[in-house]
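Subject: A structure for you to look at

Hi,

Here is the structure I promised to pass on to you. Have a look at it first, and then read my notes below.

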Amino acid sequence: MPLASSFARSLLRSAARPGPAQRGITSGPPEQPIRPAESVVGFVAMFVTCLGPAAWVLAHLEDYKKRE
């Protein structure tokens, strides 16, 4: 039992004492602005990823209703 408790304590000790804060993360406007074409590609990709499966199911709804 002491081995398990010392192992648990070592895991908790590292979680209780986090390391130094990360540096180099800055906020603000991007160095290079995003072009409209890049925005369109991103929006189309998100649209297809989110709504593509739902559109597929709705397009094949009659096939799913058939009980054969």
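Val40 counts as exposed, at 51% relative accessibility. For that word the cut-offs are: buried is under 20% relative accessible area, exposed is over 50%, and partly exposed is in between, with a 1.4 Å probe and protein chains only. Val40 sits in helix α2, which covers residues 36-59. Helices (H or I, at least four residues) and strands (E, at least two) are DSSP runs, numbered from the N terminus.

Before going on, a word on where this comes from. This is a predicted model, in which local features need pLDDT of at least 70 and side-chain atom pairs count only at pLDDT 80 or more, while totals for chains, interfaces and linings use all residues. Residues are numbered from 1 along each chain as its sequence is written, and side-chain values use heavy atoms, with hydrogens and water left out.

Val40 also belongs to a nonpolar surface patch of about 470 Å², together with Val44, Phe47, Val48 and Leu51. A patch is made of residues with over 30% relative accessible area and no salt bridge, where like charges are joined within 9 Å and nonpolar side chains (Val, Leu, Ile, Met, Phe, Trp, Tyr) within 5 Å. Leu51 is also the site of a kink of about 45° in α2, shortly before the proline Pro53. The bend at a residue is the angle between axes fitted to the seven residues ending there and the seven starting there.

How many of the 24 residues of α2 are buried? The count is zero, so α2 is hardly covered. For the chain, 0% of its 68 residues count as buried. The UniProt record, an unreviewed entry, places a "transmembrane region" at residues 40-59; such annotations may be inferred rather than shown by experiment. Over that stretch the chain is 100% helix and 0% strand, and the end C-alpha atoms are 25 Å apart.

The chain has three helices and zero strands.

Now for the charged pairs. A salt bridge is a side-chain nitrogen of Lys or Arg within 4 Å of a carboxyl oxygen of Asp or Glu, and the count comes to two. Glu38 and Arg35 form one of them, at 3.3 Å from N to O. Glu38 is partly exposed, at 41%, and Arg35 is exposed, at 54%. Lys65 and Glu62 also meet in a salt bridge, at 3.8 Å from N to O. Lys65 and Glu62 are three residues apart in helix α3 (residues 61-65), so about one helical turn separates them. Both are exposed: Lys65 at 52% and Glu62 at 53%.

Finally, confidence. pLDDT is the predictor's confidence in each residue, from 0 to 100. The chain has a mean of 82, and 78% of its residues reach 70 or more. Confidence is lowest in helix α1 (residues 2-16), at a mean of 70, and highest in α2, at 95.

Enjoy exploring!

How values were computed. Areas by Shrake-Rupley, 256 points an atom, 1.4 Å probe, with all protein chains shown as cover.
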